[in-house]
Amino acid sequence: MPIDQTAPWRALAAHASAVRQRHLRDLFAADADRFTRFSFRCGDMLLDLSRQRLEDETLRLLLELAGEADVLRWRDRMLAGEKINLTENRAVLHTALRLPESRSLVVEGEDVVPMVHRELRRMGGMVAAIRGGGWTGATGKHFRHVIAIGIGGSDLGPRMAVEALTPFREPGLDIHFVSNVDGADIARAVAACDAATTLVIVASKTFTTQETMTNAVTARDWLKAGLGGASDGWHRHFVGISANPQIPGGFGIPPERVLQFWDWVGGRYSLWSAIGLPIALGIGIDRFHQLLAGAHEMDEHFASAPPAENLPLLMGLAGIWNINFLGHRTLAVLPYDQGLSKLAAYLQQADMESNGKGVDRWGRPVGYDTGPIVFGEPGTNGQHAFYQLLHQGPQPVPADFIVPLGSQYRLDNHHDILVSNALAQAEALMRGRTRDEAAAEMRAAGLSAEQTAALAPHRMFTGNRPSTTLLLPRLDPHHLGMLIALYEHKIFVQGCIWGINSFDQWGVELGKQLAKPILEELTSAGLRHHHDAATSGLIELAKGRDRS
Ligand code: F6P
């Protein structure tokens, strides 16, 4: 039965009508323990849902809904390696990438844990060789630059984590990420590097992605040209990472320079695999293991914490309440840490590629909203850009405030200001400012009665805007691992409630297919394929463009 026809869904809809007018201010005023009762912990991470528009009854009904959708059974099936990605007939086992070596997980007769750790050891060996000079380029020089080529899941995770963990970076190797097929991307990267000391990592699950392969060929040409007489040794400058480890061989990368992962690792869940090589090169393999351990801590919590204390489950359910019962279809990701400047982009893929689906597992159109539109920027920058809409726009936008309490930089006044802003923004969204409060403030500032009356509607805030606050002691590899795994599981929980397959991405195919004939037409005379008038007209204009 579609989830929106079940008794818990109907009960939640009725409950939403009954509580819709209640203001968070009043909920806080009526309950001195609200913060304590709606805050939950995993280790030293705190998830504060008290500023979500939840009441005890809401949570009770949401947990019933989770029961109805069998979320915990789907969780167990995922963790056990069952093929829950039904449309691609695959298991979903990114959690196996962070299992300690002492564990075992037998999938179709094979224990995957030794495979995972074998590859991790190969990766550790590569990091040591690249950093220690055991591997050199074709001219015998040590590597000083890395150009990491990949796109989507083969780019966003490593890019986000390398940036987030900047204070943990080991010196001596700069890392450039190239994803876009726009030549500007690779052109800028190679301009900052010198061929003799550059290592190129080509990361692609399929090793067929157009953008990645185009950039890889350009990088190979650049290396060959730059290496001069040593150009035959270009392959000493390459590492390939793929779930099809024989394909990089076709590109000319020798097997000892190819790292592998597996088809049961989704692209957007792959930073924990060999795709994480740029992270390991940046922070060292030991810290990469800390990142895995942090994610594993969250996995264990997700697998075993009781539902009413389970962070990913509760965070997922709070999102369901906002999206499906309060009608809030967006999610602002607001990390108060400059290191997390790429987090929103990362979560856009994790969330929107996973849950941007309009049919359920059985192919039936869903009659309700699914994945939210995710966007965000680090605070305090975003405050001076789009927060106006968050505070006074007519459509409330639920927000996640992510606040590391400690800073790696010894500039305490900066960090106190940063944290105070995070807490203040969440408070402002919740409380708002009444017309009377706005008027009193203006009167106190000496404005006339006329001015006060005219400006009051502009200076009041409705408040009652839901937000979550996530506190971490600091942004380090372990807590970044916890944070990302928390979001992965939250996304999973929501996909289960909606009854969709969060692990395929057929929606990206059509555009890719249509680009092929258009490319052919752009680069040859005449139109060969039938298009709509707009596409044909634009192709003609693009063909006539200035190529100088
Ligand atoms: O186009 C979407 C996608 O398939 C993503 O899911 C994936 O992360 C990305 O392309 C890159 O794919 P690959 O790792 O195979 O190059």
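**Cavities and the sheet**

Me: How many cavities of 30 Å³ or more does a search of the whole structure find?
Reply: The model is a predicted one. Searched as a whole, the structure holds cavities of 30 Å³ or more, and their number is 5.

Me: Which element gives the most residues to the lining of the largest cavity?
Reply: The largest cavity, with a volume of about 150 Å³, is lined by 17 residues, and among those nearest its centre are Met315, Asn322 and Asp400. Two or more lining residues come from each of helix H13 (311-325), strand E10 (330-335), strand E12 (399-404) and helix H19 (477-498). With 5 residues, the element that gives the most is H13.

Me: Which strands stand at the edges of the sheet, and why is one side of each left without a neighbour?
Reply: The open sheet is formed by 6 strands with mixed pairing, in the order E1-E2-E13-E12-E10-E11. Each edge strand has a single partner strand, so one side of it has no neighbour in the sheet, and these strands are E1 (39-42) and E11 (373-376).

Me: In what sense do E12 and E13 pair?
Reply: Strands in a sheet pair through backbone hydrogen bonds, in either a parallel or an antiparallel way. Where E12 meets E13 (residues 467-472), there are 6 bridges, and the sense of the pairing is parallel.

Me: What angle does the direction of H13 make with that of E1?
Reply: H13 packs on the sheet, where it touches E1, strand E2 (45-48), E12 and E13. Its direction and that of E1 make an angle of about 145°.

Terms used: Residues are numbered from 1 along each chain as its sequence is written. This is a predicted model: local features need pLDDT of at least 70, side-chain atom pairs count only at pLDDT 80 or more; totals for chains, interfaces and linings use all residues. Side-chain values use heavy atoms; hydrogens and water are left out. On a 1 Å grid over the protein atoms alone, a cavity is a set of points where a 1.4 Å probe fits but cannot get out, and a pocket is an open set with protein on both sides within 12 Å along at least five of seven lines; lining residues have an atom within 4 Å of a point. Grid points are joined across faces, edges and corners, and a volume is the space filled by probe spheres set on the points. Helices (H or I, at least four residues) and strands (E, at least two) are DSSP runs, numbered from the N terminus. Two strands pair if DSSP finds at least two bridges between them. Contact means heavy atoms within 4.5 Å. Axes are lines fitted to C-alpha atoms, for helices over the stretch in contact, and angles run from 0 to 180 degrees between N-to-C directions.
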